[in-house]
Amino acid sequence: MTPARDAWGGGLSWWVPPLVVLAVVGSIVGVGFLVGADSGESKTGTMIAEPIRSSVLLCPEPGAGGNLGVRVTGTVIPGQPGQEGEGEAGLRTLPGAESARSNLKAPGEQGQIEAFGIELPAVEAYGEGALAPGLIADQWGRDPSGRGRGMASTACAPAASDFWFVGGGAVAGRVTRVLLVNPDVTSAIVDVIIHGPDGEIETPTTRGLVVPGQDRVIVRLDEVAPGINGTAFHVIARAGRVGASVVDEQRSGLDAIGTDWIPAAADPATNVYLPGILAGDGARVLSVVSTSDSDAIVDIRVLAQDGSYQPFDRGSVTVPAGAVTTLDMTPALPPSPNGILPAALQLTSDQPIVVGMRQFFGGRNVQNEASFTAGAQPFAGPSAVSGLPVRSATDVKLQIAAPATSVEVDVTMLPFRGGTTIAEETEPVRVSVPAGEVRVITFEPSTDVDWFTGVITPVPGSGPILAAHRVKERSDFGDLITGYPWKPLRVRVPVPQVVPDVAVVGR
């Protein structure tokens, strides 16, 4: 294994290539089910962690016509607990004028739905039984030269009832859309609460939104809160569940100068991390929201390739209650001749906060692309992202951070060459990251691969990790860039232990 010059960060990187209460049972249908108290699974207090038995992920917008090409990919990451026995999984469009599907029959099998020049309904990734643990799906899109020029990607979201997104705006030339997808046959009732620089914004038309069954509703920020630049969205399903996604586009005249999906932020907390700050030239604008009724005093620490530090002039910020506060972190990040080096942030607050960052790319005084990252929490389990493109002008890099203690992970790839064969996983390469530092790895897939799934598996005993990826396509018209933080695989679900009541039995 030889070191290669890191085109992202400017340094060296490795290719590193019996009684059951019916109400309790009903509350966990569709997420997982209890398989028995003697199953040998992990237990904590009165809860027991069992493999999930049903998973639904929603991919918001797989095709908008024109030059835009969108690919939705999915797989079941092999080697996860609970994958023994029967199951079914796949990708399928929700009802609409066009339809497509791709079935997955075993762990390690990968599938895709492509939308090149056509419009498709939202796509549902589903897993049942033994094919629910480890199910992932991702959406990747690219317009190399059209009016929507850019590259955008997002992880397909689990159907849920509560989401936070930090980013977006409605100034001239900028359009931010919130997409709500309902996978169920009954309608969902959803509130989209919008926060701005001065606090929560009154938008009566975004409260009590009805999302019809197996349909999609789109909210445009410029129609409900025009002129607002820094925003955050809190999506709450009051009835039913939805998949929520946010996409942001910006133009200068007829030229697109930035488009990407805004990743969902971690739930409000007093200690939040921001992985995936990308190397390169351009501003890195942090947005912080205090979600409580009190102002938040936030301390900021930078995790870099040579260790962590608190910036001198951007080490603290006060965020008014309910408001979005923005701060250009570029001067506080580790410098390089081409802008900044890769980094992550730790934000510690006296009040719960959610965070995000908008990242600009281009030459001096020129913006030709933008991307986003979002607040996250460290995790200790495996993680994966599918649909990572393989093209002659494209490279994919993975950023791994060790927020608290040193970490060791194995990095592998599941190549996709078309068809429905089970992917042969590449040999694992071990990556070590000292505490408080960041490492960048370049994926090097075989050239005969259409796309691949990247997989991170922490070594037993390793500390928790943060991870994010970046896809970059080199172009004479300006590079195209996308990426987002990784989340742990959805493998287990906590369910209540069922304990016989001796008093009831006695009666």
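Visitor: A salt bridge here is a side-chain nitrogen of Lys or Arg within 4 Å of a carboxyl oxygen of Asp or Glu. How many salt bridges does the structure hold?

Guide: The structure holds 19 salt bridges. Keep in mind that this is a predicted model, where local features need pLDDT of at least 70 and side-chain atom pairs count only at pLDDT 80 or more, while totals for chains, interfaces and linings use all residues. Residues are numbered from 1 along each chain as its sequence is written, and side-chain values use heavy atoms, with hydrogens and water left out.

Visitor: Okay, Arg-474. What does it form a salt bridge with?

Guide: Arg-474 pairs with Asp-395, and their closest N and O atoms are 3.2 Å apart. The two sit in distant parts of the chain, 79 residues apart: Arg-474 is in the loop between strand 39 (466-473) and strand 40 (480-482), and Asp-395 is in strand 34 (residues 394-401). Strands are DSSP runs of E with at least two residues, numbered from the N terminus; helices are runs of H or I with at least four.

Visitor: Is Asp-395 buried or exposed?

Guide: Asp-395 is buried, at 16% relative accessible area. Buried means under 20% relative accessible area, exposed means over 50%, and partly exposed is in between, using a 1.4 Å probe and protein chains only. Arg-474, at 43%, is partly exposed.

Visitor: What about Arg-241, which side chain does it meet?

Guide: Arg-241 meets Asp-184 in a salt bridge, 3.0 Å from N to O. Arg-241 is in the loop between strand 20 (232-239) and strand 21 (243-252), and Asp-184 is in the loop between strand 15 (174-182) and strand 16 (188-196), so the pair ties together parts 57 residues apart in sequence. Asp-184 is partly exposed at 24%, and Arg-241 is partly exposed at 27%.

Visitor: And Asp-191, what's its partner?

Guide: Asp-191 has a salt bridge to Arg-238, with the closest N and O atoms 2.8 Å apart. Asp-191 lies in strand 16 and Arg-238 in strand 20, so this pair connects parts 47 residues apart in sequence. Asp-191 is buried, with a relative accessible area of 10%, whereas Arg-238 is exposed at 54%.

Visitor: Which residues are linked in a network of salt bridges?

Guide: Glu-61, Arg-177 and Glu-249 are linked that way.

Visitor: Back to strand 16. Why call it largely enclosed?

Guide: Eight of its nine residues are buried, so the rest of the structure largely encloses strand 16.

Visitor: Which way does strand 16 run against strand 20?

Guide: Strands 16 and 20 run antiparallel and are joined by seven bridges. Two strands count as paired if DSSP finds at least two bridges between them. Within that pairing, Ile-189 is opposite Ala-239 of strand 20. Strand 16 also runs antiparallel to strand 18 (residues 209-211), with three bridges, and Ala-188 has Val-211 as its bridge partner there.

Visitor: What joins strand 16 to strand 17?

Guide: A hairpin does, through two residues. Strand 17 (residues 199-201) pairs with strand 16 in the antiparallel sense over three bridges, and Ile-194 has Ile-201 as its bridge partner in strand 17.

Visitor: New topic. Which cysteines does a disulfide join?

Guide: Cys-59 and Cys-156, with an S to S distance of 2.0 Å. A disulfide is counted as a pair of cysteine sulfur atoms within 2.5 Å, and by that rule there is one. Cys-59 is in strand 5 (residues 54-59) and Cys-156 is in the loop between strand 12 (150-155) and strand 13 (157-158), 97 residues apart.

Visitor: Is that disulfide right-handed or left-handed, and why?

Guide: The torsion about the S-S bond of Cys-59 and Cys-156 is about 110°, so the disulfide is right-handed. Both Cys-59 and Cys-156 are buried.

Visitor: How many residues has the largest nonpolar core?

Guide: The largest nonpolar core has 26 residues, and Leu-398 and Phe-443 have the most contacts inside it. Strand 35 gives the most to this core, four residues. A nonpolar core is a set of buried Ala, Val, Leu, Ile, Met, Phe, Trp, Tyr and Cys residues joined through side-chain atoms within 4.5 Å.

Visitor: Last one: where is Glu-437?

Guide: Glu-437 is in the loop between strand 36 (429-433) and strand 37 (438-442). Glu-437 is buried, at 14% relative accessible area.
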